[in-house]
Amino acid sequence: MNSVTEYLLLGFEVAASPFNLMVALIGSFFGTVIGLLPGLGPINGVAMLMPIAFALKLPPESALILLAAVYVGAEYGGRISAILINVPGDAGAVMTTLDGYPLTQKGQSAVALSLSAVSSFVGSILAFVGIVIFAPLLATWALAFGPAEYFALMVFAFCCLTGLLGNQPIKGLLAALIGLSISTIGVDANSGLYRFTFDSPFLADGISFIVVVIALFAVSEILQLLENALQGRQVSYPQSERKFFSAKEFLFTLPATLRSAFTGFGIGVLPGAGASVASAVAYANEKNIAENRGQKACFGEGDLRGVAAPEAANNSAATGSFIPMLTLGVPGSGTTAVMMGALTLYNITPGPVLFEQNPGLVWGFIASLLVANIILLGLNLPLIRFFTKILSVPTWLLTALVVTISFVGVYAINATTFDLVAICVLGVIGYFLRKAQLPMAPLILGVVLGNLMEQNLRRALSMTNGELAILFASPISKGFWIAAVLVLFVPIVLRRRKRKPSADDTAA
């Protein structure tokens, strides 16, 4: 323990140098802006700054601190557009739209923004403590996950969708199936055959997740605004009377924040699971917990726990994803994969040996995660007044800005006009899905998890020549299957017990 303390002090000495503090401040601000803009997200922000950091010949530790600050900042920034205009800045913020935007419609945008910032901070700090104390142990645990365990985890995540389906489970399941169908488009990784591409080379790599998110949220939302304008229904948002949440609201959401932070950290440690899975599982868990305890809950209508839970989970998962990168040399997410590429530019190979060969870089980076989160909290809370001014922008101007930013963000990814056509087509489809009251969250989760589910299922079955027993062989797999069954059926049983009349009621 003493050695860990000594290394951590060394890390803070590196992270707290004036130059690295300036680098962390720049990265945090830039990351927040990147997260705020729909379509970009943390992976694009890190990818954009990586060549700049190398071209400026920043020292390795400074470059890593810069990219980490951008990553964490983008996770903070993604919630802003999700809460204010119902357009998630990145995949991890999708769940935040479910209750964040209804709070904006109720005139509580500033409350939602301030609470989400503090929840994000709490989740990141708990994950930071987890990295310092449990990194080697958790890295070994993550290494025990094979294809069968990952498939069971994905099934568990889908079963958690029951918490998102409300009173219309059929529509929710249909939305999830549509998302899974979208994820199958492209070249089959195993056979090399084209699937559902209609002989179009633009669909060979499938439909980008960013294209789907922008289409189903931004474009369909704009179409609804236009419909309201044509029918003479002017959409206006009440001004937020309070700029921050109250102590009572904080204490009310604190248990959900802490539970979700632990959930997010556990999922973030798993290579490839990601913040989107963590936020979905955390949100569903909190909704189920509230309903099972008989607490008054209005998830999907503006419940503060529906903002705090996914924000704590996705930021905790983002921080936790650094564990497999640093200790195993395995990227914990797409963004950490890009950061590993940045390390290779400096001829640095992540892995267990890195802790011994370059402790200043590793522990300086770990310490910078705490520094960056403190900077982000200091940046985000005072800027809430500025962020809420977005709602006072005239609808016609706000619509034009969202369209412009969305199209530029999508085009910047692959620089193809096909993506622009795709978001228009999918946006119209999303508009009609909304009119049919199909929830978007299960659809998006289907797109996110579909490819991972298929790959891990096929890898697991290929190891046993098609024997299904491997999916239930390990204790980890069994644990996830049991948890999936409980999540799926326990709420149904409890609801039926509540509806069943008591003997006294029957006699009366």
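Ile444, leaving aside neighbours within four places in sequence, is in contact (heavy atoms within 4.5 Å) with Val94, Phe209, Val212, Val213, Leu216 and Phe217. Ile444 and Leu449 touch the most other members of the largest nonpolar core, which has 79 residues. A nonpolar core here is a set of buried Ala, Val, Leu, Ile, Met, Phe, Trp, Tyr and Cys residues joined through side-chain atoms within 4.5 Å. Buried means under 20% relative accessible area, exposed over 50%, and partly exposed in between, with a 1.4 Å probe and protein chains only. Another core, of 53 residues, lies apart from the largest one and includes Ile65, Val70, Val122 and Trp363.

This is a predicted model, in which local features need pLDDT of at least 70 and side-chain atom pairs count only at pLDDT 80 or more, while totals for chains, interfaces and linings use all residues. Residues are numbered from 1 along each chain as its sequence is written, and side-chain values use heavy atoms, with hydrogens and water left out.

The protein chain has 22 helices and two strands, taken as DSSP runs (H or I, at least four residues; E, at least two) and numbered from the N terminus. Of its 508 residues, 55% count as buried. Among contacts between residues at least 6 apart in sequence, 80% join residues at least 24 apart.

Helix 10 covers residues 247-268. At Thr253 this helix has a kink of about 40°, shortly before the proline Pro255; the bend is the angle between axes fitted to the seven residues ending there and the seven starting there. Thr253 is also buried, as are Glu249, Ala256 and Phe265, among others in helix 10.

Key:
Expected span 1.5 Å × (residues − 1).
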